[in-house]
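Morning, everyone. Please have a look at it first.

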Amino acid sequence: MAFSLENILLIGSLLLFLSLIAGKTGYRFGVPVLVLFLGVGMLAGSDGILGIHFSNSKVAQFIGMISLSVILFSGGMDTKYEEIKPVARQGILLATVGVLLTALITGVLIYWITNTFFKPITFTFFESMLLASIMASTDSASVFSILRSRGLHLRFRLRPLLELESGSNDPMAYLLMIAFMQLIQTGEGNLGTIVGMFFYQLVIGALAGFLLGKLSVRVINRINLANNALYPVLLFTVSLLIFAFTDFIKGNGYLAVYIGGLVIGNSKFIHKRTSKSFFDGLAWLCQIIMFLTLGLLVNPSELLPVAGIGLIVAFLLILISRPLAVFVTLLPFRKMPDRTKHYISWVGLRGAVPIVFATYPLMADLPQAHTIFNIVFFVTIVSLLVQGTSVPLVARVLGLSKERKIDRELSAFDVEFSDDIKSVMAELTVTKEHLKGRSKLIDFPFPENTLVAMIKRQDYYFVPDGHSELLPNDVLLLLSDNQEALEKLLENPAIPPKDDSSPS
């Protein structure tokens, strides 16, 4: 089926709807929603049910570029300075040295295997390194999506470390890819020029992201728009401007937009809560559209001929290249437990970024570009299915997951605190065990400096007083300055009787 003005809106909306339904269904079974978005795109493509013929790699690259900008900006906004500061050195090393080592190890192994054991598909050394470079970085969309959608809470500050790495490691992979593309096209390349280009892109990208982020906060706070609903739109414009301007001055736009989001998200600006909620939804929309588009771009029938080498490369990355690169890169951090390094290795997810990068050789019409693209796509699917589905399980096996008793995101109450407020909120569902020997709110021994702000009874909300009678399944909204005591309260399934000597 060809695109036309008459059917593009209908087809697009149906694909989005199917992706959302597939994502909801897949979440129940632990399947990463990103795989399902890809699957919907493939089913709708030229080999699928709808037979949509889409082969424009330039359009796919453009959609991927905009989507990744929004995803990285949103990820930066949701990251706190205090979370990444203790792991900044590890994250930067993984994003640079780690990516370089992953590419080198994988490239050498691909060249050796395809020229020694796997004769159906062979690559030159530069083609092997190009393929490895495209897949060397950890995909930010996959990492942000899987860690945050599962609500996974990790020990040893692993989550901010993984998000920092995935949000800042694209420049190294991008430059390696461009360098090996040049070597394939011309047969020569200047190492000094490549190294200089890398540092230029890195420095300019970081500076542009920081300065434009600071400038954006000042503009947002002073522009005084007539309609408050326009502030999220202004922030969306800012994210695209940061990426485009940095790219225009030859810096790395992906790094700039992540740092810009980090600066803005950690600053005070008006309508911050609304804007962050807007970007959370927009980031999900961009992920759906991007993975749908990339799914449409591939023909499933073309994946079968590369399935053998694709499986080999996927497991080389998962079991050899990534673990070796992580352990070597983190050698200076001797106090870091080995289990955390194993987990960092396992969360080296491939996703949209490698597929978007794989469109560059297609547009340059390089030899074996289609084979490289199909292998990258196949490896991405394997990575998401094998690693993506097991991220929570591996965390539990390694003893790295922790249960979070208190979360600012509540299910029964649509309430959110400003980041500047240090009090914590929590929900407590009243059970029959709680009500043994008591029936009124005043009879409950809540911790000191803890307030029951509201009660939800079925679909009815009310503000209680001490004499309010409680019923089973009532949900209490608790506010407290004593987080430790509140956590103990939530851990206790049956609150002990109130001591008469305790304060009311």
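Let's start with H3 and H11, which cross in a right-handed sense. Keep in mind that this is a predicted model. H3 covers residues 57-77, and H11 covers residues 230-248. Their axes lie 10 Å apart, and the packing angle is about 115 degrees. Angles of 65 to 115 degrees count as roughly perpendicular, so H3 is roughly perpendicular to H11.

Who touches whom? On the H3 side, the contact uses Met65, Ile66, Ser69, Val70, Phe73 and Met77. H11 answers with Leu235, Phe236, Ser239, Leu240, Ile242 and Phe243. By class, that contact has 10 nonpolar residues, two polar ones and no charged ones.

Next pair: H10, residues 191-222, and H12, residues 253-265. Here the axes come within 7 Å. They cross at roughly 35 degrees. This crossing is right-handed.

Look at the residues in that contact. H10 brings several glycines, including Gly205, Gly209 and Gly213. Also from H10 come Leu202, Ala206, Phe210, Lys214, Ser216 and Val217. H12 contributes Leu255, Ala256, Ile259, Gly260, Val263 and Ile264. The contact of H10 with H12 splits into nine nonpolar, five polar and one charged.

H13 passes H16 in a left-handed crossing. From H13, the contact takes Met290, Phe291, Leu294 and Leu297. From H16, it takes Ala352, Ile355, Val356 and Thr359. Seven of these residues are nonpolar, one is polar and none is charged.

Now the cavity. How many cavities of 30 Å³ or more does the structure hold? One. The largest cavity has about 40 Å³ of space.

Its lining is made by Ala314, Leu317, Ile318, Arg322, Gly348, Arg350, Val379, Ser383 and Gln387. Two elements give two or more residues each: helix H14, 307-329, and helix H17, 369-386. H14 gives the most, with four residues. By class, the lining of the largest cavity has four nonpolar, three polar and two charged residues.

Which residues are the charged ones? Look for Arg322 and Arg350 in the lining.

That's my tour. Over to you.

Terms used:
Residues numbered from 1 in each chain as written. Predicted model: local features only at pLDDT ≥ 70, side-chain atom pairs only at ≥ 80, totals over all residues. Heavy atoms only, no water. Left-handed = near helix turned anticlockwise from the far one by under 90°. Contact = heavy atoms within 4.5 Å. Axes fitted to C-alpha atoms, helices over the stretch in contact; angles between N-to-C directions. 1 Å grid on protein atoms, 1.4 Å probe; cavity = no way out; pocket = protein on both sides within 12 Å on 5 of 7 lines; lining within 4 Å. Points joined across faces, edges and corners; volume = space filled by probe spheres on them. Parallel < 35°, antiparallel > 145°, perpendicular 65-115°, else oblique.
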